[in-house]
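Colleague: I've got the model open on my screen. Could you walk me through a strand and a surface patch?

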Amino acid sequence: MSDTLLKVRDLKIGATVYPPGEKPHDIEIVHGVSFDLERGKVLGLIGESGAGKSTIGLASMAYGRGGVEITGGEVWVNGRDILKSPHGDIRKLRGGEVTYVSQSAAASFNPAKKIMDQVVEAAVEQKKFSRKEAERRARELFAKLGLPDPDNIGERYPHQVSGGQLQRCMTALALCPEPDLVVFDEPTTALDVTTQIDVLMAIKEAIADTGVGALYITHDLAVVAQVSDDIMVLRMGDMVEYGSTDQIINNPQEGYTQALVSVRSIEHEEKKPTPEPVLSVDGITARYKGLNFDVLHNVNVELHPGQTLAVVGESGSGKSTLARVITGLLPPRDGEITFAGRKLSPNLKGRNREDLRELQMIYQMADVAMNPRQTVGTIIGRPLEFYFGMRGAEKRKRIIELLDEIELGEKFMDRYPAELSGGQKQRVCIARSLAAKPKLIICDEVTSALDPLVADGILKLLLDLQKIEDVAYLFITHDLATVRAISDSIAVMYQGRVVRYGSKSEVLSPPFDDYTDLLLSSVPEMHLGWLEEVVAHRKMESAGN
Amino acid sequence: MHPIIKLVSQRLALGLLLLLGASALIFGLTEALPGDAAQAVLGQSATPEALANLREEMGLDRPALTRYFEWLGGIVQGDLGHSLTNKLDIAESVGGRLGNTLFLAFWAAIISVPLAIFLGLLAVRYRNRWPDKLISAVTLTTISIPEFLIGYVLVYFVAVKLGMFSPLAMINDSMTLGQKLNSIALPVIVLTLVVLAHMMRMTRAAILNVMQSAYVETAELKGLSNFKIIYRHALPNAVAPIVNVVMLNLAYLVVGVVVVEVVFVYPGMGQYLVDHVTKRDVPVVLACGVIFAAIYIGLNMVADIVAILANPRLRHPK
């Protein structure tokens, strides 16, 4: 048998699209991609959303998601062209020779079945192992992947383990049938940085130990640099660059790859605090109805006019709850909020129109934050009518001004949200919040759903607008690179408490508290061997203790 | 306490409360009708004195609330009162008839529920292909035709022309089970045809909904066959909506069979109720109303409880 495990030649993939108001038609989403993967090697597929990387990964299992169809080319696995194989052979290939790890293990595990049943299912179904052998193998894999209580964790249901643990269970599921190739589709993207590092290391060691080949799909170049031997950069269904990991990271040839490597080029000078803060949060303690514990404990932060306070933390740290308290959606149990020199009513109902106008919000999911049946002009025009009573030509003039400010222009006025890209949608949401001429905008993970280059554009825009409009941002994020790029002051949150708070330079310079140190050191860095360095460093530290 | 026990006991309490409300509503509505039992007994030409005497004799001159609680107390002890027209104990006359109705509903359910779920699974397996379209077309046709028409058509073709089964569904205690089943075959077929479409369509929709989920994709990428994917991974997650519609249809089988019972002259609750409504026999109507309400609420409560039990998050809390 040759050493080539996967050979893809001139792969073309198409899909049927249903644009609003038009007839459905076929488009090509991958335009003739070729690559080889040797047994036991890892190839990273990297690109932004729409690059076709997941589609290519699934094509190696002869699978098309939704209306996606492979229209041309060859995919050779273990020396046979699977696109020409009968259906029964493809069923044997899936789950036997090639397995798949998805981005969201939480959604990919059946909620009604025990983890063990699902982990061994493919191995048993493909007659690779007996049920008993497969279970023994699964327990070994659970142990190897660093899961707690590997002998019994399989008896639990998916909702009874954490997200990071479930992602590792998914890796065990993929490795259990002893496949030749595993397709990892963004396996750590949905995890917090501190969890990501453990899962990444577990995956890397499991690949090395079992000697499987892998396709590693991600949009995060720093992550893929840690696990893959080769990298292929994709953009809109075309191959941009293909080479060894070392060459792509340290010596990228193509302009697009260079942009990906050097993303986050924003320089932002930290501003000095002014005497009067626009927002001060004093001793806020809050809990949700029906819970018997507080989700925020005595939170104190201040934000100055025209500046940015970044609230950073992992999921469950209470950062979005803080936003809900400030906006009045969740009245706190204790503490008070002073905004623009006046005390805010804890409850939304107690606030007047001026309070509402001066405090605006931008959300993570721009598409669900807009009415899909309203045009961009109507969406941006609504706050103009509501707060300023603008009508007719005056309103239209102001809408165009706002559209120019967000660099879209008048031609977007009559478009519907569905006709916009992710970045454009977020720009419209920014314009809508600016239309109210607010003093403060709460930005809740506004760039998390966007590709790095697009996110960069949004951050630059927000900084430019801050200079023009003198608006303050309360910027909620889990991404430390974003925090570095735009903040003047930072509050680090952990389990409902602010564990570190101060100006950007103070917070980001040593000495660190334990949590901030963990958080900062967990952000993947774009050089080879970073993962091993961090893990070795941590082992040394814990041994030292 | 285990959250399941708490939720289930909440549902039970709610069901009892609902039944109390239903009984008050039924009693109140019959009170609001013009005329009362005394009027019904004596007829339109009765003198006011005779009416007043009879009312006093029957206790109808006392306040409605008192009579409601007396009536309710009776029901709780199994005393449904006496029929106006034939003076018989209602509980006794209803007993046998309710048994007959339940017997008919039971056999209709035994056939229709598994068949509907199987057809639903089959429709998903071959969705948008001819088996799916055929199943939908046939079941939608049978639900669209009024049941009395299906009944008479079956009587004519099956019983009269082919000589199979009995055209009249008369049963009595001296018959063997085989004889009884032969006797009720036609009404069972009619009821099955009527309830099939609803349950089958819901099964299909609930499973198709689950088929969009990521864990079904995982199952596909494990190389499982289509039927295993549907049966192992989709069905367990579609139980709640399916059970809901099944229970609604079971309730219909018990409560809504009036027409079918009349067509086949079946000695069930439906016939009994229709007979006594025409005679303005208020105590019987009240009793039947409460029994129907209890069955309806009971079955829906079962659906709720099954839906709670089907949720792994509630069954196995963290």
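Modeller: Let's start with β3(A): Val42(A), Gly44(A) and Ile46(A) on one side, and Leu43(A) and Leu45(A) on the other, are all buried. Buried means under 20% relative accessible area, exposed over 50%, partly exposed in between (1.4 Å probe, protein chains only). Strands (E, at least two residues) and helices (H or I, at least four) are DSSP runs, numbered from the N terminus. This is a predicted model, where local features need pLDDT of at least 70, side-chain atom pairs count only at pLDDT 80 or more, and totals for chains, interfaces and linings use all residues. Residues are numbered from 1 along each chain as written, chains are lettered from A and ligands numbered from 1 in written order, and side-chain values use heavy atoms, without hydrogens and water.

Colleague: Which residue in β8(A) is the bridge partner of Val42(A)?

Modeller: β3(A) runs parallel to β8(A), residues 213–218, with 5 bridges joining them. Strands pair if DSSP finds at least two bridges between them. Within β8(A), Val42(A) is bridged to Ala214(A).

Colleague: And which residue in β9(A) is the bridge partner of Gly44(A)?

Modeller: β9(A), residues 230–235, also runs parallel to β3(A), and 4 bridges join the two. Gly44(A) has as its partner there Ile231(A).

Colleague: Over in chain B, what is the relative accessible area of Phe148(B)?

Modeller: Phe148(B) sits in helix α7 of chain B. That helix, residues 147–161, gives the nonpolar patch its largest share, 7 residues. Phe148(B) is partly exposed, its relative accessible area being 42%.
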